[in-house]
Amino acid sequence: MKKIVVLISGNGSNLQAIIDAQTSGRISGKLCGVIANKSDAFGLQRAKKAKIPAFVFERKNFSSNLDMDLAIAEQIEALEADLIVLAGYMKILSNEFVERFSGKILNIHPSLLPKYAGLNTYQRAMEAGDSEHGMTIHFVNQILDGGAVILQAKVPIFPDDEVEDVVERVQEQEHRCYPLVIEWFCQNRLVEREGKAYLDSVCLPPEGYSSD
């Protein structure tokens, strides 16, 4: 059974979706830890309720970003985690951290990458007049939101939508798809090789396994 650690910064709604999926048997791996970079992250309460060990690493307690990442890395290795899941973790990981856990870090991003890497993706899509938005699950590499895409899901943007409407649609897809991809990894169906994502030994296209 693979061990999973989840990194969060805030509410932890994707963390809750992962907890629920494990509880219902849709994820065969075990959540062995939750790590937050903010002591007031609500996701820590979700972890406590689910009786998952939780740890806080705040930047103010370290001399550099790298020192903080190294401390987190040591905690992850102490937990013997096989997979690191970023779920709203609002801190850019150092190259050293990414290299150390290459092929073992997943991230979820609220856009159809490569469009709208970085922040404020909903506003940017709506200001551009896009008719659709979505989310991307990908492996993490040293380029921000630039790792091999595993799965994307699209949602419509209607002319009279508010940002909150699109956020709700995207998050519904996130909560549905992230546990699925995590289970692929737990079953050894999903791997990263030479910067590309493979599912059932088949190299996924640049847009990943698309789900409309």
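Helices (H or I, at least four residues) and strands (E, at least two) are DSSP runs, numbered from the N terminus. The model before you is predicted: local features need pLDDT of at least 70, side-chain atom pairs count only at pLDDT 80 or more, and totals for chains, interfaces and linings use all residues. Residues are numbered from 1 along each chain as its sequence is written, and side-chain values use heavy atoms, with hydrogens and water left out.

I begin with the loop between strand 4 and helix 4, where Leu 93 is placed. Ile 92 lies in that loop too, between strand 4 (83-86) and helix 4 (95-100). Are these two residues buried or exposed? The terms are as follows: buried means under 20% relative accessible area, exposed over 50%, and partly exposed in between, with a 1.4 Å probe and protein chains only. Ile 92 is exposed at 63%, whereas Leu 93 is buried at 12%. Contact means heavy atoms within 4.5 Å. Leaving aside neighbours within four places in sequence, Ile 92 is in contact with Asp 69 and Leu 144. With residues up to four places away again not counted, Leu 93 touches Asp 69, Leu 86 and Val 98.

I turn now to the aromatic rings. Rings of Phe, Tyr and Trp (its six-membered ring) pair if their centres lie within 6.5 Å; planes under 30 degrees apart count as stacked, over 60 as edge-to-face and the rest as tilted. How many aromatic pairs does this rule give? The count comes to three. In one of them, the ring centres of Phe 57 and Phe 62 are 6.3 Å apart and the planes stand at 25°, so the pair is stacked. Phe 57 is buried at 11%, while Phe 62 is partly exposed at 22%. Phe 97 and Phe 101 form a tilted pair, with 5.0 Å between centres and 55° between planes. Phe 97 is buried at 2%, and Phe 101 is buried at 6%.

Finally, the sheet. Strands pair if DSSP finds at least two bridges between them. Three strands form an open antiparallel sheet in the order 8-9-10. Strand 8 (190-193) and strand 10 (202-203) each have a single partner strand, so one side of each is left without a neighbour in the sheet.
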